[in-house]
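Biologist: I want to know what stands behind each label you use. Take me through the model, please.

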Amino acid sequence: MHSNWRCDNCGDVPPFHVAEHISAEIVGAVLRESASGAEPMPLWGPWPLPAGWMVTGVGWAGDDRSGVRATALACSGPEPLGGGPADLVFIAEQPGVGLGTRFAGIPGIDPGYLLSEALSDGGARSGPDAKIKVGGHPTPLWCVKSPEDRSAYVSEAKGIWLYAVAWPASAGYLLAEHVVLHDFSEGVPPELVFGAPSPYLHGRV
């Protein structure tokens with residue numbers, strides 16, 4: 001018997017916590033939690049928000065022993081091609097956590113092998129699948145293999161993994177637009193708009 005959280009496929013993993021509701025106060029509480037560890041974690045979110053989009057959830061992975069090792073922010077809005085509902089979850093995580101791969105629907109706890117596959121499939125010649133600005137820096141995103149109901153992109157920012165997972169898969173085209181990710185630990189914009197909780201972040205889909 002032990003007190004660690006365990007995944008049947010990956011072994012010991014940090015527990016994942018999701019706030020039931022979303023507001024500026026809840027985002028602030030998560031930021032205080034993520035800043036309390038030895039290595040403060042960024043909380044990435046698009047700012048300015050794309051037209052019609054809202055912040056719809058926030059979560060983090062970690063415990064009192066290890067501190068926060070990953071953060072997740074969900075956004076919802078109109079799907080860029082068809083206009084239906086779409087969701088995006090942005091995840092920052094330290095190596096060996098597995099939160100990003102869980103939402104991406106891919107095996108393992110780190111995406112390095114998937115990035116290698118993407119590059120070997122011609123990505124090194126054709127360049128990244130999307131380019132966004134993260135924390136003021138141009139950042140390439142690589143699309144990795146995932147289930148057909150979503151699209152998953154991986155990169156690195158501030159020395160840790162960055163994931164962007166979109167439902168439906170075509171919602172990933174939003175990342176081809178001028179998307180800028182801001183680290184909310186450096187300040188939460190007072191104009192941030194909040195919406196109903198994301199079913200994807202809460203595991204209801």
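**Labels and their cut-offs**

Modeller: The side chains of threonine 56 and serine 76 are joined by a polar contact of 3.0 Å. This is a predicted model: local features need pLDDT of at least 70, side-chain atom pairs count only at pLDDT 80 or more, and totals for chains, interfaces and linings use all residues. Residues are numbered from 1 along each chain as its sequence is written, and side-chain values use heavy atoms, with hydrogens and water left out.

Biologist: What makes the pair threonine 56 and serine 76 a polar contact?

Modeller: A polar contact is a pair of N or O atoms within 3.5 Å; within protein, one must be able to donate a hydrogen and the other to accept it, and residues adjacent in sequence count only if both atoms are side-chain atoms. The two side chains are joined at 3.0 Å, so the pair qualifies.

Biologist: Why is threonine 56 called buried?

Modeller: Buried means under 20% relative accessible area, exposed over 50%, and partly exposed in between (1.4 Å probe, protein chains only). Threonine 56 has 1% relative accessibility, so it counts as buried. Threonine 56 sits in strand 5; strands (E, at least two residues) and helices (H or I, at least four) are DSSP runs, numbered from the N terminus.

Biologist: Is serine 151 buried or exposed?

Modeller: Serine 151 has a relative accessible area of 7%, so it is buried. Serine 151 belongs to strand 10. Its side chain reaches the backbone oxygen of alanine 169 at 2.9 Å.

Biologist: What makes proline 40 exposed?

Modeller: Its relative accessible area is 57%, so proline 40 falls in the exposed class. Proline 40 lies in the loop between helix 1 (24-35) and strand 4. Leaving out residues up to four places away in sequence, proline 40 touches Ser34 and Ala35.

Biologist: What lines the largest cavity?

Modeller: The lining is Pro46, Pro50, Trp53, Cys75, Leu88, Phe90, Leu174 and Val179. On a 1 Å grid over the protein atoms alone, a cavity is a set of points where a 1.4 Å probe fits but cannot get out; lining residues have an atom within 4 Å of a point. The search of the whole structure finds one cavity of 30 Å³ or more.

Biologist: Which peptide bonds are cis?

Modeller: One runs from tryptophan 47 to proline 48, with omega near 0°. Another joins tryptophan 167 and proline 168, with omega about -10°. Proline 48 is in the loop between strand 4 (44-46) and strand 5 (54-63). Proline 168 is in the loop between strand 11 (160-167) and strand 12 (180-183).

Biologist: What is the phi of lysine 158?

Modeller: Lysine 158 has a positive phi of about 55°, although it is not a glycine. Most residues other than glycine have a negative phi, and most peptide bonds are trans. Lysine 158 lies in the loop between strand 10 (151-157) and strand 11.

Notes: 1 Å grid on protein atoms, 1.4 Å probe; cavity = no way out; pocket = protein on both sides within 12 Å on 5 of 7 lines; lining within 4 Å. Points joined across faces, edges and corners; volume = space filled by probe spheres on them. Contact = heavy atoms within 4.5 Å.
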